[in-house]
Amino acid sequence: MFSLYEYDYEGHMNLIREEGREEGREEGREKGHEEIINNMLKKNYSLTEIADITGCSLDEIKQIQAKNLAQSTQQL
């Protein structure tokens, strides 16, 4: 049994690992949304349709659209 002042190394490491996993899951969700939005933009869905279908805000969609335009102009 640990006293109040003893450090629980294993518990701390588990907490750090779980936080890292959650961060990774969140990044994966964001990447997935970005890919879906990119595909919908390529198929000429309107921004409003994309927002309705994905649940993302118009601002998020516009940011992704701007990012894609910037990347495509860099490749030219």
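Is Glu 34 buried or exposed, and what is its relative accessibility? At 19% relative accessibility, Glu 34 counts as buried, where buried means under 20% relative accessible area, exposed means over 50%, and partly exposed covers the values in between (1.4 Å probe, protein chains only).

## Basis of the description

This is a predicted model, in which local features need pLDDT of at least 70 and side-chain atom pairs count only at pLDDT 80 or more, while totals for chains, interfaces and linings use all residues. Residues are numbered from 1 along each chain as its sequence is written, and side-chain values use heavy atoms, with hydrogens and water left out.

## Salt bridges in the structure

Side chains of opposite charge can pair when their charged atoms come close. A search of the whole structure finds six salt bridges, a salt bridge being a side-chain nitrogen of Lys or Arg within 4 Å of a carboxyl oxygen of Asp or Glu.

## Glu 34 and its partner

Glu 34 lies in helix H1, with helices (H or I, at least four residues) taken as DSSP runs and numbered from the N terminus. When residues up to four places away in sequence are not counted, Glu 34 touches Ile 64 and Lys 67, a contact meaning heavy atoms within 4.5 Å.

With Lys 67, the side chain of Glu 34 also forms a salt bridge, at 3.0 Å from N to O. This pair links distant parts of the chain, since Glu 34 belongs to helix H1 and Lys 67 to helix H3 (residues 58–74), 33 residues apart. Whereas Glu 34 is buried, Lys 67 is partly exposed, with a relative accessible area of 39%.

## A network of charged side chains

Salt bridges also link Glu 18, Arg 21, Glu 22, Arg 25, Glu 26 and Arg 29 in a network. One of the pairs in question is Arg 21 with Glu 18, whose side chains meet in a salt bridge at 3.5 Å, N to O. Because Arg 21 and Glu 18 are three residues apart in helix H1 (residues 9–42), about one helical turn separates them. Arg 21 counts as partly exposed at 46% relative accessibility, and Glu 18 is likewise partly exposed, with a relative accessible area of 37%.

Arg 29 and Glu 22 are also joined through their side chains, in a salt bridge of 3.1 Å from N to O. For this pair, the relative accessibility is 41% for Arg 29, which counts as partly exposed, and 37% for Glu 22, which counts as partly exposed as well.

Note on methods: Helices (H or I, at least four residues) and strands (E, at least two) are DSSP runs, numbered from the N terminus.
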